[in-house]
Amino acid sequence: EDRYGRLLVAYSDGVYAFLRRTSRGDLGRWSQLSVKLSPSQRVFALEQDPTGPLWIGTNKGVIKFEEGRQRTYAAIEGLAMPYVLALRRDRDGNVWIGTAGGVSKLSGETIVSFTRSDGLPDQDVVLITEARDGRIYASTRLGGIVEMINGRTELIRGSNRPPFDSAQYLLVQDGHEAWWIATTAGLFQFPGPRLQLQRGQNVR
């Protein structure tokens with residue numbers, strides 16, 4: 001949902017907003033935003049910034065879209081790789097970008113990237129989430145889950161073994177500080193507040 005209360009959906013060919021009905025009998029409709037994409041450019045991630053911009057992850061970089069204007073951040077700006085798979089804005093206004101080549105952190109106009117040399121077990125980063133205490137976690141496609149700590153990454157114990165080495169579907173902390181992780185082997189719940197995989201249960 002954007003700051004105007006519209007439901008936003010990312011599709012491969014662009015971003016769509018649901019326009020609510022304006023009269024009785026009007027069911028509402030979908031309208032494509034005026035984001036400019038190249039013919040081979042595809043959308044894979046979406047993050048609404050509460051201060052205004054919409055962040056759009058594509059296979060050719062991250063687009064910052066606001067009031068009809070857009071700017072693209074790609075490898076030349078310091079992005080780990082232009083193929084973007086995940087986006088997350090944290091409480092400090094930084095935008096974390098999961099790519100097929102590592103994790104990038106956009107602070108203002110500065111990008112810092114993290115790759116295997118910084119401790120990433122797998123550079124295919126498919127999910128990024130922020131814990132209630134502000135910690136940032138990134139889930140890789142096949143190498144497990146890491147915490148981003150002071151310019152480096154630290155592997156969460158046990159996450160590099162099945163089924164958590166492929167936690168690609170859901171990684172989120174609820175209001176009671178419990179962690180929910182969806183894997184190919186089902187849905188797991190672990191007590192918090194810090195992410196750990198030693199005590200928990202398969203709930204589905």
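A pocket is an open set of points on a 1 Å grid over the protein atoms alone, where a 1.4 Å probe fits, with protein on both sides within 12 Å along at least five of seven lines; lining residues have an atom within 4 Å of a point. The model is predicted, so local features need pLDDT of at least 70 and side-chain atom pairs pLDDT 80 or more, while totals for linings use all residues. Residues are numbered from 1 along each chain, and side-chain values use heavy atoms, without hydrogens and water.

**Exercise 1.** Describe the second largest pocket.

Solution. Step 1: 13 residues line this pocket, and Asp2, Tyr4, Arg6, Phe65 and Glu67 lie nearest its centre. Step 2: sorted by class, the lining has five nonpolar, three polar and five charged residues.

**Exercise 2.** Describe the lining of the largest pocket.

Solution. Step 1: there are 18 lining residues, with Leu87, Arg88, Leu127, Ile128 and Thr129 closest to the centre. Step 2: strands 4 (43-48), 8 (84-89), 12 (125-130) and 16 (170-173) each give at least two residues to this lining; strands are DSSP runs of E, at least two residues long, numbered from the N terminus. Step 3: the classes are 13 nonpolar, one polar and four charged.

**Exercise 3.** Find which residues have the most contacts inside the largest nonpolar core, then follow Ile145.

Solution. Step 1: a nonpolar core joins buried (under 20% relative accessible area, 1.4 Å probe, protein chains only) Ala, Val, Leu, Ile, Met, Phe, Trp, Tyr and Cys residues through side-chain atoms within 4.5 Å. Step 2: among the 13 residues of the largest core, they are Tyr137, Ile145, Ile181 and Leu195. Step 3: leaving aside neighbours within four places in sequence, Ile145 is in contact (heavy atoms within 4.5 Å) with residues including Tyr137, Phe164, Ile181 and Leu195.

How values were computed: Buried means under 20% relative accessible area, exposed over 50%, partly exposed in between (1.4 Å probe, protein chains only). Helices (H or I, at least four residues) and strands (E, at least two) are DSSP runs, numbered from the N terminus. Ala, Val, Leu, Ile, Met, Phe, Trp, Tyr, Cys and Pro count as nonpolar, Asp, Glu, Lys and Arg as charged, and the others, Gly among them, as polar.
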